[in-house]
Amino acid sequence: MRRADRPETGARVGRRDFLAMAGLGSTAVLLSGCGIGGGGGGVPKGALRAAFGQPVTDLDPYNAATAVDEASLIVKRLVFDTLVRRQGDRLVPGLASGWKRTDDTTWVFTLRGGARFHNGTPVTAADVVACLKRTKSVASAQTPLWASVAGAEARDDRTVVFHTDGPLGSLPVNLTLLFVVPAARVADPEQKRRPIGSGPFRVTGFTPSTSVELARFDGYWGGRADLPGISMPYIAETSSAITALRNGDVDLLWPIPPDQLPEVTGVGGVTVESVPSWTYFLNWFNCSRPPFNDPNVRRAMCQAVDLPQIVRSLFGRGGQQMRAPIPSTVAGYAAQEPWRHDPAAARRLLADAGLGRGFTTSMMWFDATGPLARELAESMISSWAEIGVTVRPQSIEKAQWLERLNSLDWDMNLQTNTVTTGDAAFTVGRLYTSKAHRMGYKNPALDQILARAAAAPYGPDRDALYGEACKIIWSDAVGLFPVTLVTGYGRSGRLTGFTPAPNNQPDLAAVGRR
């Protein structure tokens with residue numbers, strides 16, 4: 001999980017040795033650098049101190065690079081509002097008090113009265129329309145979610161009408177990601193640092209990749225939050241973050257790597273909870289680049305890896321081997337036959353592809369993407385070496401990783417991904433269309449299935465379509481999907497109202513303190 005980057009090297013350093021070598025100093029020094037403890041930088045006294053495992057790099061809700069970035073979404077859900085929210089397995093009203101589908105291509109949303117932005121101006125339908133236009137105009141990882149939305153109109157200050165090109169059953173769940181800001185601010189550069197929203201907290205300080213500081217917005221339509229503020233430092237070293245939790249310097253820490261949960265379990269004043277998550281590791285192959293444009297090469301890479309052994313030894317009870325390109329708890333999941341570990345068969349596939357002597361390629365990741373990311377990468381790289389494939393490891397900074405990911409400047413990409421909405425449309429429907437071009441994979445037959453799934457109403461027929469899509473993605477070996485994570489949360493026993501979230505984005509606005 002959170003570790004300082006180190007240069008690429010062929011030497012294998014023990015995990016504990018590396019943590020000791022990469023230490024960044026005492027926890028007190030780290031936390032003072034993040035603005036914790038002294039109350040400076042606009043953090044109210046008594047603020048919740050919550051440390052998530054990835055850095056927040058930008059707060060603009062329409063920034064292409066961070067449109068689905070997990071760390072940014074945690075903060076955005078505190079600062080901005082959406083028309084619809086997810087509450088467990090249900091969709092519930094947010095800024096919209098209600099909605100209805102009047103025909104196959106028309107949805108009408110009614111805004112609640114009394115909602116105001118942090119600058120005091122009322123939230124209106126015109127703001128929602130401007131935000132949709134801005135979202136559609138910025139090419140990002142969210143773009144496929146809005147491709148079928150033709151536009152929206154403000155019928156009056158409290159009525160927004162969405163028009164779609166065809167039936168779009170997933171519009172309400174997609175709207176859990178449309179963050180609403182004042183129309184005049186949709187393209188304001190200041191939104192990256194000091195954004196204006198209508199959420200329960202407002203931004204008082206932000207240092208990219210270091211800390212976010214929030215103060216309670218007392219004019220929030222949903223009522224004042226219990227806590228006066230939230231401070232979110234990024235602590236690069238897991239060991240330092242755990243020490244901070246044990247010492248009471250942070251109130252909440254997640255995700256805790258499975259092999260380090262014992263370090264906080266049973267500690268006085270610390271409560272540990274785990275939840276099966278919608279977060280999983282994937283290793284995409286760049287299907288637009290030789291040799292990964294050959295599906296048999298991709299299949300060989302999958303057969304070369306002993307996933308049951310890797311998942312068992314690295315993650316234990318902290319992970320489950322995947323049997324589909326999405327976690328089993330996500331709507332639209334369909335289990336597939338796991339890839340059998342068969343290095344001999346993998347070598348034959350490579351020979352048939354004219355690569356009997358193997359080949360050299362590379363894999364990129366950033367360590368903070370998820371727990372044991374480096375160890376997972378090293379385990380797979382070792383497996384591939386056994387079939388003659390040399391993989392150059394590229395552990396890079398998150399900002400560089402995002403830039404390269406979005407420009408398809410990579411051979412293999414290892415990362416965690418979270419099904420933020422809990423629905424297959426968010427990942428299977430968004431990432432694997434030919435138009436999305438996220439990993440260079442194009443399949444017109446899959447496109448047709450996904451289009452039908454997007455149009456279908458929620459129910460078994462829609463789930464069956466996503467099940468067909470899961471089968472195609474899996475059998476074409478678009479990526480290798482190793483493990484779904486069980487997220488470990490460590491928190492102060494004095495916190496109240498905290499609920500672990502499967503999407504790694506808990507509702508911090510609901511938290512109080514005894």
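1. A quick word on terms: two strands pair if DSSP finds at least two bridges between them. Helices (H or I, at least four residues) and strands (E, at least two) are DSSP runs, numbered from the N terminus. This is a predicted model, where local features need pLDDT of at least 70, side-chain atom pairs count only at pLDDT 80 or more, and totals for chains, interfaces and linings use all residues. Residues are numbered from 1 along each chain as its sequence is written, and side-chain values use heavy atoms, leaving out hydrogens and water.

2. Strand S14 (residues 359-365) and S16 are parallel and joined by 2 bridges, with Met-364 opposite Asn-413 in S16. Strand S12 (residues 270-285) runs antiparallel to S16, with 7 bridges between them; here Asn-283 stands opposite Leu-414.

3. How many residues of S16 (residues 412-418) are buried? The count is 7 of the 7, so the strand is largely enclosed by the rest of the structure. Buried means under 20% relative accessible area (1.4 Å probe, protein chains only). In a regular strand, side chains alternate between the two faces of the sheet. Met-412, Leu-414, Thr-416 and Thr-418 point one way from S16, while Asn-413, Gln-415 and Asn-417 point the other way.

4. Now the cores, meaning sets of buried Ala, Val, Leu, Ile, Met, Phe, Trp, Tyr and Cys residues joined through side-chain atoms within 4.5 Å. The largest nonpolar core has 105 residues, and Leu-83, Phe-162, Met-232 and Leu-508 have the most contacts inside it. Helix H15 (residues 460-475) gives this core its largest share, 7 residues. A second, separate core of 37 residues includes Val-311 and Phe-359.

5. Finally, Leu-83 touches (heavy atoms within 4.5 Å) residues including Phe-109, Val-128 and Phe-162, not counting those up to four places away in sequence.

Note on methods. Buried < 20%, exposed > 50% of the residue type's maximum accessible area, 1.4 Å probe, protein only.
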